[in-house]
Amino acid sequence: MKKVVWGVLSTARIGWEKVIPGMQAAQHCDIRAIASRDLARGRALADKLGIPKAYGSYEELLADPEIEAVYNPLPNDQHVPLTLMAARAGKHVLCEKPMALTASEAAQLREVAQKVHIMEAFMVRFHPQWLTVRDRVRSGALGDLRAIQSYFSYFNRDAANIRNQADIGGGALYDIGCYPIVTARLLFGCEPVRAIALVERDPEFKTDRLVSALVDFGQGRRLDFTVSTQSVPYQRVQVCGTAKRIEVQIPFNAPLGGSTQIFTDDGSQLDGGSVHSETIAACDQYGLQGDAFSRVVRGEIALPYGVEDAIANMRVIDALFASEKTGAWVTI
């Protein structure tokens, strides 16, 4: 398959630290350009990463006829505007999560969804550890899936960090709460019906720094999760069925190019003696994501997650923020 020619919108850290290197090492991605509002910064990063072209504006990159697809890692409030701009320029778009700040904002992308491919960049959906867990759930190996418990946290009180700026979409729920939601939707294979949340906000930043949520998928299926931007770094997921459970180790920030582990337990020995460990071969989930989207662009595979999927995930986030205000269950 001929490689897809990519451009990157902005010099965001997630791009140069994780996504771009992963895609450069992948089979089907050719990252040919990067754009920054600061040309000198863009040129310096392009030189560092071996990217041939640097542009001093996003418009210039989108006008480049050579670019077929773009990766959009801009701050959350710029995801929809720049994705719309790219799509109207005829570029396919892989956009960082969350796709938007609300479901209604994400719905604006329906205007261009039939013209180009647009996918939210949840790299975890392409990692073999999650695909393995999904396959075990679907096979019935866990019995009936009942509950998923997720915890995801880090500590960051840097006022200059975009995650601590409420007006551009900072906070725990947007940044990391979206992961427990999207992985639960992946494993349950359906959409939730209602949600309730307990939210604690930073008195200075006004961002949600600690969120605990309960999401009801109906028929006795539930996700409960806690996420925090100001707690000790930790992440684990427990996937519990009627017969067995699976623990996903380092579920969201899997080591780049490293192996991962999942643990299966039938509960016969509560001291952990019945736990079976399984190693998932080394990979780079960002490269796998880039390759999958490139194959979509080439028509090799169908788009697995489009705009409607992004809207569905945002509806859950909308419901949790609404629940923060009312203290009650909110229908999704």
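This is a predicted model: local features need pLDDT of at least 70, side-chain atom pairs count only at pLDDT 80 or more; totals for chains, interfaces and linings use all residues.

Reader: Why is H1 called oblique to H2?

Author: Set the angle against the cut-offs: roughly parallel needs under 35 degrees, and roughly perpendicular runs from 65 to 115. The crossing here is at roughly 45°, so H1 counts as oblique to H2. As for handedness, H1 passes H2 in a right-handed crossing.

Reader: Which residues make the contact?

Author: From H1 come Trp 16, Ile 20 and Gln 24, while H2 brings Leu 45, Lys 48 and Leu 49. Sorted by class, the contact has 4 nonpolar, 1 polar and 1 charged residues.

Reader: Now to Gln 230. What makes Gln 230 count as buried?

Author: Buried means under 20% relative accessible area. Gln 230 has 15% relative accessibility, so Gln 230 counts as buried. You can find Gln 230 in strand E11, which covers residues 230-241.

Reader: How do you know that the side chains of Gln 230 and Asp 202 make a polar contact?

Author: The N or O atoms of such a pair must be within 3.5 Å, with one able to donate a hydrogen and the other to accept it. For the side chains of Gln 230 and Asp 202 the value is 2.8 Å, and they make a polar contact. Another polar contact, of 3.2 Å, joins the side chains of Gln 230 and Arg 209.

Reader: Which residues beyond its neighbours within four places in sequence is Gln 230 in contact with?

Author: Among them are Tyr 154, Phe 155, Asn 156, Arg 157 and Phe 205.

Note on methods. Residues are numbered from 1 along each chain as its sequence is written. Side-chain values use heavy atoms; hydrogens and water are left out. Helices (H or I, at least four residues) and strands (E, at least two) are DSSP runs, numbered from the N terminus. Buried means under 20% relative accessible area, exposed over 50%, partly exposed in between (1.4 Å probe, protein chains only). Contact means heavy atoms within 4.5 Å. Axes are lines fitted to C-alpha atoms, for helices over the stretch in contact, and angles run from 0 to 180 degrees between N-to-C directions. Angles under 35 degrees count as roughly parallel, over 145 as roughly antiparallel, 65 to 115 as roughly perpendicular and the rest as oblique. A crossing is left-handed if the near helix is turned anticlockwise from the far one by less than a right angle, and right-handed if clockwise. Ala, Val, Leu, Ile, Met, Phe, Trp, Tyr, Cys and Pro count as nonpolar, Asp, Glu, Lys and Arg as charged, and the others, Gly among them, as polar.
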